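Q: I have just opened this one and would like to go through it slowly. Could you help me find my way around?

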Amino acid sequence: MSLLSVRDLSVKFAMRDHSVTALKGIDFDLAKGERLGIVGESGAGKSITGFALMNLLSRPGFIDQGKILFQGKDIVHMSDAEMRTIRGNRMAMIFQDPMVTLNPVLTIGQQMVETLKAHRKLSKSDAEQIAIMKLRQVYIPSPEERLNQYPHELSGGMRQRIVIAIALLLDPELIIADEPTTALDVTIQADIMELLLELCQSSKVGLILITHDLGVVSQMTDRTLVMYAGKIIESGRTSEIINDPQHPYTQGLINALPQQTEPGRRLKQIPGNMPSLTGIPDGCAFSPRCEFATDQCRITPPEIVQYEHVAVACHEVNRLHHVTSKGLDK
Amino acid sequence: MSNFSTNVEASRFSRMWNSNMGYSFRRNPVAVVSLCIFAAIALMAIFAPLIAPFDPYDLSQIDIMNSEYPPVWIDGADKQFLFGTDDQGRDLWSTILYGTRLSLLIGLCAVTLQAFLGISIGLISGYVGGRLDSLLMRMADIQLSFSTLMVAIIFLAVTQAMFGSETFNQYAIYFLIAVIGVSEWPQYARTVRATVLAEKKKEYVDSARVLGFGPMRIMVRHILPNSLSPIFVISTVQVANAIISEASLSFLGLGMPPSQPSLGSLISSGFDYIFSGSWWITAIPGVILVVLVLVINLLGDWMRDVLNPKLYKG
């Protein structure tokens, strides 16, 4: 049984007199200890997916339909009290900016002890022992002293390590990391990612890594979902997707990486912008920006088809593959 | 002074003394003087039974023949009575000490009640939002559209008529606390609600929800401690206001009875004699009241400047 399976999940946002669809037909599975990357531009619905998995969407967002089975139980219809026993305990989340995710007026120790005591019956000193152990796991020097410090006394990298330690505090089965290194210094980003990878591997924790950095995804994850305008447009093993992307959008993303361009040339960016949720075009949402789009693309939305080793939502994938592989042959 | 090692065992006091707030306090003579005066008045009030030469509540110590002695620096004074005596022959100094005690007590208790009501309502209103928020805030608007004194006067006059002045005088202090406390809660509720609305959007609240904390715990443990600075600031202003309200009500004869005078009822009782030359019965408690309210307000001003990051001058 997979740890998490999402079936036909759709999320909507209520507007004054109608609602807009932010996520549509999201389907994926995550095995125990598996690491999954979710990539896409800003506004593709990556973070919304993360929040939906925690059942933490706040108004005006709501889960319209679909199932989120976590260890076989549907969390969409769980009561708030039931859900609270899962959040933080079985499922943890790491946010983007460690400067603002820690409570500024509580010491590190207070925050960690509080988290432990909210889920387990523990004495304060036992909880502190666990906290110190977890801080040591994330390579915080002299953890005993850190417990009495406030978040503002620590550096950004240190804080993100503490956020990770708090996420690991109750030995969850799944960690959802929403762009965990975006707000950090480039030199520290690699450290934090390495740490996250090490911890997930050593304790068999499932990881959902939400990011727009394809480089990070290729190092960290087993499988990847590429999202565009609230839909999954390509999914499969990370190595397949990075090395042989099928969807023109994924190809565009990979071609846009600075490494793919010769020095001194302009970056090959994808023309245009992500459509806003109120104006998603008919047919394939990517069609207005796609150089291969046909009339069919602009009328009917593509089904997800299995192509080679990946699942991809594109009408033209056969032709496209033909064209690009020919292009490569030359 | 070049000690950069973090001393974890630093006491709470030295931590406060060395904080930004402590520094700005030391650099601000107005704040220092205000705090000293406030502390002196508070200590005098707390230790009134020890300091006061007479017990103004003890009828056996009062002699009507001693009435209206002037303060010692004026001719015709009795050396026993430092600030003279009032119309009933009570030592004014002792009566002021006991009166300050009552005024401060009523002020602090009323503000505690206000704060409790206002903070709870403000937290719930801001955190829950929606219809409940609108309902509670309209209630606050309605409450605010009555002036505090008007509500208090009506309430106290009605209770006085209902229970008779005998019973009323006995429980006057509770009535005063209740009426001042209840009529001013919207001040707190509005301020707290506004800060909660700002704090609620911050990511540490999301991360608290992600960690599986319930709404009660998030409100009390996470949002409330982050909203404390405006609460501190309005608390000082509210204490001063409550003391003034109490004095006004007592002056109007709706507060503390003459047998247990607060500063307000002392001022009021002396007011009848002000034209017969016994100005000190009104003037001395009046000065104390003004000084007390002034230093509290000055402290509040200083605190507002320090706690407001927009006015932060480094």
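**A residue in the core**

A: Let me start with one residue of this predicted model: leaving aside residues up to four places away in sequence, B:Leu123 touches B:Val192, B:Val196, B:Met219, B:Ile223 and B:Leu224.

Q: OK, and which residues touch the most other members of the largest nonpolar core?

A: That core has 158 residues, and those touching the most other members are A:Ala167, A:Ile175, A:Ile208, A:Tyr228 and B:Leu123. In soluble globular proteins, nonpolar side chains tend to be buried together.

Q: Which helix gives the largest share of this core?

A: Helix 5 of chain B, which spans residues 92–128, provides the largest share, with 16 residues.

Q: Let's step back to chain B as a whole. How many helices and strands does it have?

A: Chain B has 13 helices and 0 strands, and reading along its sequence therefore gives the pattern α-α-α-α-α-α-α-α-α-α-α-α-α. Taken along the principal axes, its C-alpha atoms fill a box of roughly 75 × 60 × 30 Å.

Q: What percentage of chain B is buried?

A: Of the 314 residues in chain B, 40% are buried. As for its contacts with a separation of 6 or more, 70% are between residues 24 or more positions apart.

Q: Can we look at a pair of helices, say helix 11 and helix 12 of chain B; at what angle do their axes cross?

A: The axes of helix 11 (residues 228–251) and helix 12 (residues 263–271) of chain B cross at roughly 35° and come within 7 Å, and the crossing of these two helices is right-handed.

Q: Which residues meet there?

A: On the side of helix 11 of chain B they are B:Glu246, B:Ala247, B:Ser248, B:Leu249, B:Ser250 and B:Phe251, and these meet B:Leu263, B:Gly264, B:Ser265, B:Ile267 and B:Ser268 in helix 12 of chain B. Sorted by class, this contact between helix 11 and helix 12 of chain B has 5 nonpolar, 5 polar and 1 charged residues.

Q: Changing topic, how many residues does each chain bring to the contact between chain A and chain B?

A: Chain A brings 23 residues and chain B brings 16 residues. On the side of chain B that touches chain A, helix 9 (203–210) and helix 10 (215–226) of chain B each supply at least two residues, and the largest share, 6 residues, comes from helix 9 of chain B.

Q: And what is that side of chain B like by class?

A: The side of chain B that touches chain A has 6 nonpolar, 5 polar and 5 charged residues.

Q: Over to chain A, then: what is the phi of A:Asn55, and where is that residue found?

A: A:Asn55 has a positive phi of about 55° although it is not a glycine, and it is found in the loop between helix 1 (46–53) and strand 4 (61–70) of chain A. Most residues other than glycine have a negative phi.

Q: Why does A:Asn55 count as partly exposed?

A: Because 19 other C-beta atoms lie within 10 Å of A:Asn55, while a residue needs 20 or more to be buried and 12 or fewer to be exposed.

Q: What about A:Gln71?

A: A:Gln71 is not a glycine either, and its phi is positive, near 50°; its place is in the loop between strand 4 and strand 5 (73–74) of chain A. With 16 C-beta neighbours inside 10 Å, A:Gln71 counts as partly exposed.

How values were computed
Residues are numbered from 1 along each chain as its sequence is written. Chains are lettered from A and ligands numbered from 1 in the order in which they are written. This is a predicted model: local features need pLDDT of at least 70, side-chain atom pairs count only at pLDDT 80 or more; totals for chains, interfaces and linings use all residues. Two residues are in contact if their C-beta atoms, placed from the backbone, lie within 7 Å. Helices (H or I, at least four residues) and strands (E, at least two) are DSSP runs, numbered from the N terminus. Ala, Val, Leu, Ile, Met, Phe, Trp, Tyr, Cys and Pro count as nonpolar, Asp, Glu, Lys and Arg as charged, and the others, Gly among them, as polar. Axes are lines fitted to C-alpha atoms, for helices over the stretch in contact, and angles run from 0 to 180 degrees between N-to-C directions. A crossing is left-handed if the near helix is turned anticlockwise from the far one by less than a right angle, and right-handed if clockwise. A nonpolar core is a set of buried Ala, Val, Leu, Ile, Met, Phe, Trp, Tyr and Cys residues joined through C-beta atoms within 7 Å.
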